[in-house]
Amino acid sequence: MSKRALIDLCQQEASKMLVNQQYSLAIPGAIQALAFLKDIYGDGSIESVPPYLLLAEANLGLSKFQQCEEFLSLANWSILKNPTCSDAIRSQLHRNFGKLYTAQDKLDEALKELAKDIYHSSLEVGPEHIDTSGGFFHMANIFYIQNKIDNALAFYDKVVDVWYKFLGLVRNNAELAETFSEAQLREGIEMLEKIMQTRVKLLGDAHIATGEVKYTVGLLYLFLGDRDKANSYVSAAASVYKDKLGEKHPSTLDVVSVADQIQNETGLMSRGGGGVDGMEGFSELINQFPEDMPRAATQSPIPLPPRKQQGPEQRGLRRFDEDDAEWESRESVRICWAVKNVKVLLITFQEVLFCSYAKN
């Protein structure tokens, strides 16, 4: 096996340990990858940044904040020495700084770092990509700590929307699954389950918002090949959809159809498989999903702009039907409206954009 292959293997194993919250076990792999990279590229190379970030995250998980900051500083120094560094790496650096500052209760600084994370990730892969969803998730956690519940729910909703759309894309392009690691997908499970717990607490277990995140979590477990957990979550979601939207509602019919397929297609899945290894059963079942997989409802009880303030760009909005318990407005408008009053976020984005233009 080549040294490059060993480096990739060490980093992959370290990432898996981090996702499983086995932080101490993540450190040896990251250190070994860093040693190999220094042998090949020397100190201060941009290639050394990923293992530095892995080591920072592992120490953060062990509550060793000083060591975490030291590794992040080393990563930042390598990036400063290499101005052509990709936006993906810059995004991960700012995300880890944001997580560190959150743990240290430096919430305003954390928000600024996460805003930069979302900015760079959006430049690299777009704002609707699952890699970007992590920034929205950590920002939502901060809003929740600050008791800005509406803003927290809006950003949690964005995370659910991104993952739901991702599963819809996989339905139309199964080869897309091969571009994502099991660690990425497990991180998605962790985020969505945290969002589900928060919605159960704030909105109730029977709320349509809770039902949809259960459905999304179930689909992701199905993607990973864990048929039992997929069955549990999708069946629970089907019960909520039936109760809140009615048995004849198109979204209810979609969810019930998937739940029935999971229960009936015995032997379709292999339990415990990874994202690619467990795709045999998923690829057969995913073809039976609805063509466009429309969301049943947006999740958060956040009002839309008053009708008198709606401009020409908002004329496509449809009204909220209280009897149907369903928001039917465009997702992007509601998210923008929720973010409108978050001054620190907007100011930070303006600063980052200004720096970017000034640099060019």
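What follows is a working chat about a predicted model of one protein chain.

Reader: Before we start, what kind of model is this, and which pLDDT limits apply?
Author: It is a predicted model, in which local features need pLDDT of at least 70 and side-chain atom pairs count only at pLDDT 80 or more, while totals for chains, interfaces and linings use all residues. Residues are numbered from 1 along each chain as its sequence is written, and side-chain values use heavy atoms, with hydrogens and water left out.

Reader: How many helices and strands does the chain have?
Author: The protein chain has 15 helices and 0 strands, taken as DSSP runs (H or I of at least four residues for helices, E of at least two for strands) and numbered from the N terminus.

Reader: And what share of the residues is buried?
Author: Of the 360 residues, 50% count as buried, where buried means under 20% relative accessible area, exposed means over 50% and partly exposed lies in between, with a 1.4 Å probe and protein chains only.

Reader: Which residues touch the most other members of the largest nonpolar core?
Author: Trp-163, Phe-166 and Tyr-215 do, in a core of 78 residues; such a core is a set of buried Ala, Val, Leu, Ile, Met, Phe, Trp, Tyr and Cys residues joined through side-chain atoms within 4.5 Å. Helix α8 (residues 149-172) gives the most to this core, with 11 residues.

Reader: What is Trp-163 in contact with, neighbours within four places aside?
Author: Its partners include Ile-130, Gln-184, Leu-185, Met-191 and Leu-220, contact meaning heavy atoms within 4.5 Å.

Reader: Switching to α4 and α5, at what angle do they pack?
Author: Helix α4 (residues 65-81) and helix α5 (residues 87-103) pack at about 155°, with their axes 11 Å apart; the axes are lines fitted to C-alpha atoms over the stretch in contact, and angles run from 0 to 180 degrees between N-to-C directions. That makes α4 roughly antiparallel to α5, because angles over 145 degrees count as roughly antiparallel, under 35 as roughly parallel, 65 to 115 as roughly perpendicular and the rest as oblique.

Reader: Which residues make that contact?
Author: Among them are Phe-65, Leu-72 and Ile-79 of α4, and Ile-89, Phe-97 and Tyr-101 of α5.

Reader: Last one: is His-138 buried or exposed?
Author: His-138, which sits in helix α7 (residues 130-145), is buried, with a relative accessible area of 15%. Leaving aside neighbours within four places in sequence, His-138 is in contact with Arg-95, Lys-99 and Leu-114.
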